[in-house]
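Thanks, everyone. Let me put the model up, and then I'll go through aromatic contacts and the sheet.

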Amino acid sequence: MPPTPRPEPGRPASGADPFHEPRRDDCPWCGSRQLRTRVRAPEGRRRTPGTFVVDECRDCAHAFQNPRPTADGLLLRYHRHPVEEDVRANHAGRRRRRHHRGAARALLPYPEPESWLDVGTGYGHFPEAARAIHPYTSFDGLDPTRRVEQAWEAGRVEEAYQGLLTDPEITARLRARYDVVSMFHHLEHTADPREELRAAHAVLRPGGHLLLEVPDPARPFGTLPRANRRYWKPHDRPRPLHLMPLRNLLTELRSLGYEVLT
């Protein structure tokens with residue numbers, strides 16, 4: 001079916017920063033006010049105005065961009081690279097394809113899913129690769145950008161939804177519909193990871209599986225030499241909004257009723 005459109009964000013109030021929310025002085029995960037600045041650097045080689053700041057909670061170790069981008073700011077990032085790359089045309093693309101197939105194999109020990117929703121699917125390269133492992137599964141894709149339309153037009157997903165999983169209309173439409181929901185390097189880019197996990201739980205059928213892949217919070221902002229931390233691939237600010245320690249993520253999953261398998 002054709003992709004489900006999503007309306008563009010409205011205009012910000014007069015005098016407001018259209019790309020950033022107000023800076024917060026507490027941790028979005030545990031509420032502690034014991035924060036430290038982990039990284040402060042210019043926006044990047046593109047010389048966009050301002051700086052980005054990553055704060056870390058001293059109590060729970062959750063790291064997050066502060067201030068957080070607004071919906072308009074997030075859309076600006078999502079549309080920064082509008083041209084599709086051919087993942088089969090270079091070594092990095094072939095390696096990514098092998099990685100996708102390896103991730104899909106994680107579900108082989110369990111009954112073959114009938115329906116699978118890939119959240120943050122982009123151009124639908126994961127469903128395309130995973131179909132080789134699960135040929136009888138119906139793969140749908142959800143993404144906040146128009147890239148999901150191209151995924152549908154290319155036949156990589158059977159149904160395409162443009163928007164956010166936490167959108168009440170989308171959540172209600174997809175409730176209890178999927179045997180598997182996958183999020184590969186998606187959760188850390190969402191405004192509220194907990195809301196995203198709750199929405200995923202809502203669209204899963206009883207006994208369904210949530211397949212997650214998130215970055216190691218110790219690496220994205222901590223391994224570059226201090227003098228080079230202002231240079232980030234692809235020449236703009238680091239993209240994760242949140243970096244969640246594994247213990248925090250596992251605790252949250254269990255509190256929402258998930259059983260952690262591996």
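How many aromatic pairs does the structure hold? The structure holds 3. Rings of Phe, Tyr and Trp (its six-membered ring) pair if their centres lie within 6.5 Å; planes under 30 degrees apart are stacked, over 60 edge-to-face, and the rest tilted.

Take Trp 116 and Phe 126. That pair is tilted, at 5.7 Å centre to centre and 50 degrees between the planes. The pair links distant parts of the chain: Trp 116 is in strand β4 (residues 115-119), Phe 126 in helix α3 (residues 125-130), 10 residues apart. Helices (H or I, at least four residues) and strands (E, at least two) are DSSP runs, numbered from the N terminus.

A word on provenance. This is a predicted model: local features need pLDDT of at least 70, side-chain atom pairs count only at pLDDT 80 or more, and totals for chains, interfaces and linings use all residues. Residues are numbered from 1 along each chain as its sequence is written, and side-chain values use heavy atoms, with hydrogens and water left out.

Buried or exposed, where does Trp 116 fall? Trp 116 is buried, because its relative accessible area is 0%. Phe 126 has 3%, so it counts as buried too. The cut-offs: buried is under 20% relative accessible area, exposed over 50%, partly exposed in between (1.4 Å probe, protein chains only).

Phe 126 also pairs with Phe 184, again tilted: 4.5 Å centre to centre, 50 degrees between the planes. Here helix α3 is linked to strand β7 (residues 178-184), and the two residues are 58 apart. Ring pairs link Trp 116, Phe 126, Phe 139 and Phe 184 into a cluster.

Next, the sheet. It is open, with 5 strands in the order β6-β5-β4-β7-β8 and parallel pairing. Two strands pair if DSSP finds at least two bridges between them. The edge strands, β6 (159-162) and β8 (204-213), each pair on one side only. Between β4 and strand β5 (residues 138-143), which run parallel, there are 5 bridges. Val 119 stands opposite Leu 142 in β5.

Last, charges over rings. The charged end of Arg 194 sits over the ring of Trp 29, 4.2 Å from its centre. Arg 147 lies over the face of Tyr 123, at 5.8 Å from the ring centre. The criterion is NZ of Lys or CZ of Arg within 6 Å of the ring centre and within 35 degrees of the ring normal.
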